[in-house]
Amino acid sequence: MHKTTASPTPTHCPYCALQCGMGLARDPGRDGGLAVVEREFPVNRGALCGKGRTATEVLSSRVRLTEPLIRTHATGRLEPATWEEALDRIAAGLARTRAEHGPDAVGVFGGGGLTNEKAYGLGKFARVVLGTSQIDYNGRFCMSSAAAAHQRAFGLDRGLPFPLEDIPRTGCVILVGSNLAETMPPALRYLTELRENGGKLIVVDPRRTRTAEQADLHLAPRPGTDLALALGLLHVVVAQGLTDEEFIRERTSGWEEARAGAMAHWPELVERITGVSVPELREAVRLFCAPEHAMVLTARGPEQQAKGTDTVGAWINLVLATGRAGRPLSGYGCLTGQGNGQGGREHGQKADQLPGYRKLTDPAARAHVAEVWGVDPDALPGPGRSAYELLDALGGDVKSLLLMGSNPVVSAPRAAHIEGRLRSLDFLAVADVVLSETAELADVVLPVTQWAEETGTTTNLEGRVLLRRRAITPPEGVRTDLFVLHELAARLGVEKGFPTDPEEVFDELRRASAGGPADYSGITYERLAAEDGVFWPCPATELTEPSEPLELPDVRGKLPVSADAGTARPGAVGPDTAHPDTAHPGTPRLFLDRFATEDGRARFVPVAHRAAAEEPDAEYPVLLTTGRVVAQYQSGAQTRRVAELNAAVPGPFVELHPQLAARIGVADGEAVRVVSRRGEATAPARVTRTIRPDTVFMPFHWPGEGRANSLTNPALDPVSRMPEFKVCAVRLERTPPETAAG
């Protein structure tokens with residue numbers, strides 16, 4: 001890591017949902033003008049992965065946008081333009097569509113990397129300025145199934161209901177569908193410390209990943225069968241008399257129906273469905289139920305399925321049946337992926353949502369937010385299409401699109417089709433930091449500031465609200481997203497209500513969220529600057545009595561850890577106070593007294609296994625699953641511009657088992673074509689025994705002929721509207737080596 005004596009600006013990494021703490025020091029000799037320096041912060045304790053260490057390289061004018069671009073009629077190419085020209089062109093395009101076809105012909109698409117202020121402003125802009133219901137964001141592709149399952153079971157969605165520091169001190173963790181060693185490397189230490197403390201780790205993944213290599217037990221189910229696996233484990237728990245009957249009786253509802261569903265999935269049946277043996281099922285139950293405390297953590301593996309909500313619900317049922325929820329050092333949690341994937345789904349850029357995680361269909365929520373915004377509640381549009389459905393409607397009902405911070409040409413399922421829909425639009429405007437594959441299709445491209453060039457808040461996977469601080473002045477031709485919204489709103493007839501100062505926007509967000517499930521009203525920039533973040537809910541209410549610190553048990557005899565009051569439930573909001581002795585402390589740990597349902601009980605949801613939307617057959621006999629690699633991030637729009645990261649993983653690949661490679665006659669490094677019902681992709685073969693013989697894996701970070709999402713299935717979960725990224729049927733074909741991507 002670069003050494004410097006300059007006083008660093010404390011801030012956070014721009015990539016994943018850990019939001020690792022880092023410092024940024026001025027370094028005029030470095031391209032981009034900043035150096036990353038170590039910063040002690042509770043989440044990462046100074047550690048950073050390669051993406052974090054090299055994050056400042058994307059600030060370089062060599063790789064990022066520095067001036068607006070407009071597609072000219074004369075050449076059909078994107079050409080440099082002034083900001084006035086670009087903003088006028090966007091406003092005219094959106095206004096024309098709205099006038100000719102109505103407000104719902106204008107779409108807005110956001111991103112899970114936008115700060116809370118931007119996500120809030122984008123949702124307000126869509127509903128107040130454009131009057132459209134057609135807004136959603138790319139976070140729908142990441143955490144939506146877990147969010148829906150959280151809401152059904154607990155009445156509240158926060159990725160982790162406890163801080164990361166609790167993980168090493170529990171007795172057992174079942175990690176489902178997460179390769180933490182590559183997706184969030186600094187977080188791997190929590191699992192390492194868990195095992196050092198005597199705890200057990202069970203990893204569920206069809207591949208033997210770097211994370212699975214750390215496990216005491218690795219279960220490798222057939223892709224798309226995680227639901228059956230969870231039901232089989234619950235069946236064993238019931239059969240062996242390991243349920244917590246007192247907890248079920250006192251703190252839950254719906255057990256009998258959920259129990260009946262589990263008992264229909266006996267171990268031998270589950271073995272046939274999943275490929276996980278009966279002895280492995282019983283060993284997993286033994287490891288999970290033996291200690292007093294245990295957790296289940298899920299990620300995209302079980303969630304990115306057409307039955308993702310039910311799959312996550314089945315794992316939650318396992319947690320509830322064993323009394324491992326609403327207690328210290330126990331619970332279910334989702335490892336949120338995107339940098340602001342948590343905050344991004346709380347404050348209004350989702351199709352069905354208002355700020356504070358309020359429901360757009362709730363009259364009281366509409367009235368509260370409308371009052372903050374100074375509009376008539378009846379003027380707010382209703383829920384719109386989900387992310388994939390919105391993208392699929394482009395060029396049809398939705399004729400113009402404003403897109404911020406997303407690259408669906410690479411990241412959307414059935415990507416070639418979505419690329420075609422984007423090309424069919426009457427008008428497309430994109431605001432981004434780089435010229436992404438999606439921006440290349442736009443009529444207007446706006447260069448906007450990056451994390452180090454602006455101040456704003458994000459909310460990490462723990463529900464910890466954090467303050468990113470501006471460390472450097474952006475290039476002269478670059479503006480903030482808040483500036484873009486302000487200027488477009490003014491051009492479209494709304495002169496007030498869209499400030500460019502992020503703290504002013506955050507103060508309005510606080511008022512809009514007050515009393516909602518995700519209540520930020522007691523959080524201020526001043527507090528965030530003084531503390532290591534604040535966990536929501538944090539109402540602006542004065543505590544009538546000081547809270548006694550909650551002493552967490554330590555099953556291995558270490559010193560107890562304070563839970564910092566940690567039991568508050570979203571609720572009434574009183575007058576704000578910034579005094580540290582009377583301000584609400586935030587809520588690191590949820591559900592210790594009651595769950596956020598009307599009756600305070602967690603809800604079992606009865607579920608049953610069902611097949612993937614697309615199973616292998618004679619024409620497409622192999623399963624494809626997709627995921628990430630350590631050196632790239634999401635669609636790769638930024639990380640593919642960093643030389644060190646590209647050197648580590650220069651391009652896409654197809655991971656397959658030696659048996660499968662022999663069957664199709666392909667050797668390691670040779671080109672292999674993967675074909676699905678939606679498209680094809682070509683990349684070098686990576687032959688390994690760490691994957692099931694019936695499955696291939698492709699990372700999804702690249703465009704072009706190696707684009708994995710050309711293959712993936714857009715079949716949607718009926719509750720979350722999550723596409724089935726994680727499983728589809730493909731066939732493999734050997735191709736000449738020179739055709740291999742990468």
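The dialogue below takes up salt bridges, a helix, an open sheet and a group of paired strands.

Me: What kind of model is this, and how are residues numbered?
Reply: The model is predicted: local features need pLDDT of at least 70, side-chain atom pairs count only at pLDDT 80 or more, and totals for chains, interfaces and linings use all residues. Residues are numbered from 1 along each chain as its sequence is written, and side-chain values use heavy atoms, with hydrogens and water left out.

Me: How many salt bridges does a search of the whole structure find?
Reply: Side chains of opposite charge can pair when their charged atoms come close. The criterion for a salt bridge is a side-chain nitrogen of Lys or Arg within 4 Å of a carboxyl oxygen of Asp or Glu. The search of the whole structure finds 40. One of them joins aspartate 216 to arginine 195, at 3.0 Å from N to O. Aspartate 216 lies in the loop between β9 (200-204) and β10 (217-219) and arginine 195 in helix α6 (residues 188-196), so this pair ties together parts 21 residues apart in sequence. Helices (H or I, at least four residues) and strands (E, at least two) are DSSP runs, numbered from the N terminus.

Me: Which residues are linked in a network of salt bridges?
Reply: The network links Glu619, Arg673, Glu680, Arg731 and Glu733.

Me: Which residues of α2 are buried?
Reply: They are Trp83, Ala86, Leu87, Ile90, Ala91, Gly93, Leu94 and Thr97. Seen down the axis of α2, they fall within an arc of 155° (taken from the directions from the helix axis to the C-beta atoms), so they line one face of the helix. On the other side of α2, Ala99 and Glu100 are exposed. Just after α2, glycine 102 takes a positive phi of about 95°.

Me: In what order do the strands of the open sheet lie?
Reply: Two strands pair if DSSP finds at least two bridges between them. Five strands form the open sheet in the order β10-β9-β8-β12-β13, with parallel pairing. Its edge strands are β10 and β13 (331-334), each pairing on one side only. Three bridges join the parallel strands β9 and β10; valine 204 has leucine 219 in β10 as its bridge partner.

Me: Which strands pair with β2?
Reply: Strand β1 (residues 9-12) pairs with β2 in the antiparallel sense over four bridges, and proline 10 has glycine 23 in β2 as its bridge partner. Strand β3 (residues 34-37) is also antiparallel to β2, again over four bridges, with arginine 26 opposite leucine 34 in β3. Strand β2 (residues 21-26) is mostly covered, five of its six residues being buried.

Methods
Buried means under 20% relative accessible area, exposed over 50%, partly exposed in between (1.4 Å probe, protein chains only).
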